[in-house]
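Hi there,

Here is the structure I promised to pass on to you. Have a look at it first, and my notes follow below.

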Amino acid sequence: MAILSPPSRPPSRNGAYLALSESVSDPRALARRFGADPDGAAAAAQSHPALVNPYFLSLIRRADDPLGRQVIPHPAEILDPGHPDPLCEERLCPAPGLIRRYPDRALWVASSACFVRCRYCMRKRLSPESAVAGDQALEAIRRDAAVREVILSGGDPLTLSDEKLEDLLARLREIPHVRVLRVHTRAPGAWPFRITPELARLLASFSPLYVNVQFNHPAELTTQATKALATLADAGIPLGSQTVLLAGVNDRTGTLAELFQGLLELRVKPYYLHHLDRVPGTAHFAVPLSRGLRIMDRLRGRISGMALPRYVVDLPGGRGKVPVTPQYLIRVEPDAWVFRGPSGRAVRVSQPRQPGAPDFTPCGKLC
Ligand SMILES: *Cc1c(COP(=O)(O)O)cnc(C)c1O
């Protein structure tokens, strides 16, 4: 059962005190606040309840702005059946909450609670109150020597208290074959006050431990989020980020360029740009793969390679994540490979059939 740990002191923003207990879960109230349709929001929230904490709420200007779209129930959700578990995660569970899809990694839904409930959530089938049987998952990891890496995911594992997290991480660290730990959380962008120096020290003490955060729009990179990320980075925790490609939120090259460059500046390496998983109620977030590829193509060469994540599709049926990349190899000729450079110009790289001969065209001839 997830326990929200009380912050060491009440976080304040603009002089006002913010408390998680003041999160808004009434879909009608959320819709009304931004002049959206209360009945539509209420109907949408029936299958996936709403939850927006006061901090994230303070960043929203309109129901359909990039932040509002992520969390405010929308009538379009009702019309879209989708599939509750497209990745067949339920079939890959050796213990409740433990998803074992890859040979060397186990993903543990350590808490199904969250700081905000995202409308596109790929695990919306899990109820936020569903208890996570920790002992069974731990036992399954202990018995399975192939597990090198455990990913604490959710929900959001940082909704657990420091005490609970410490206990859980310590028990994982006792298992000799578990070499690397990973924590997947939206806290730095969705409830940055959760990231205290004490929490950062705690996480850092279980090194090698990686934290992967979720940011979808540059407007989430606030002063508070910046501070939360700095607290983690200063404690020596390596940071990666995951972004979900969402229509009307971030499906523009300029928006993603700003987000990825901003993250890199805050010492976060953009890791994955996720193609949307088509769970129910997400049709209005879908971005065609071709558009995603075009955006990735425009980003390549425009922003630092360090800021460029991999664009990944999680294959239905739990077949795994695969990267999709724009085509840069245009043609293979008998003695040359022809590439398209980031500027769009074709470049021939000769492949002589005679062994020992130089296998590239001297740049003098290219220029
Ligand atoms: C995404 C995912 C992982 C981690 O995959 P990486 O490519 O290593 O980040 C592990 N297990 C499951 C079930 C996942 O969905």
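Where does the ligand sit? The ligand sits in the largest pocket. Before the details, two remarks on the basis: this is a predicted model, in which local features need pLDDT of at least 70 and side-chain atom pairs count only at pLDDT 80 or more, while totals for chains, interfaces and linings use all residues. Residues are numbered from 1 along each chain as its sequence is written, and side-chain values use heavy atoms, with hydrogens and water left out.

For the terms in that opening answer: a pocket is an open set of points on a 1 Å grid over the protein atoms alone, where a 1.4 Å probe fits, with protein on both sides within 12 Å along at least five of seven lines; lining residues have an atom within 4 Å of a point. A molecule sits in a pocket if more than half of its atoms lie within 2 Å of its grid points.

β4 (105–111) and β9 (268–274) each give two or more residues to the shell around the ligand (strands are DSSP runs of E, at least two residues; helices are runs of H or I, at least four; both are numbered from the N terminus). The residues around the ligand (a heavy atom within 4 Å) are I99, R101, Y102, R105, L107, I151, R182, Y271, Y272 and K321. By class they divide into six nonpolar, no polar and four charged (Ala, Val, Leu, Ile, Met, Phe, Trp, Tyr, Cys and Pro count as nonpolar, Asp, Glu, Lys and Arg as charged, the others as polar).

The protein buries 92% of the 390 Å² that the ligand exposes when taken alone (Shrake-Rupley method, 1.4 Å probe).

The largest pocket holds about 980 Å³ of space (the volume filled by probe spheres set on the grid points). It is lined by 41 residues, and M122, R123, S153, H184 and Q242 are the closest to its centre. The lining has 20 nonpolar, 10 polar and 11 charged residues.

**Backbone points to check**

The peptide bond between G154 and G155 is cis, with omega about 10 degrees, and G155 is in the loop between β5 and α6 (162–173). S207 to P208 is also a cis peptide bond, with omega near 0 degrees.

Best wishes
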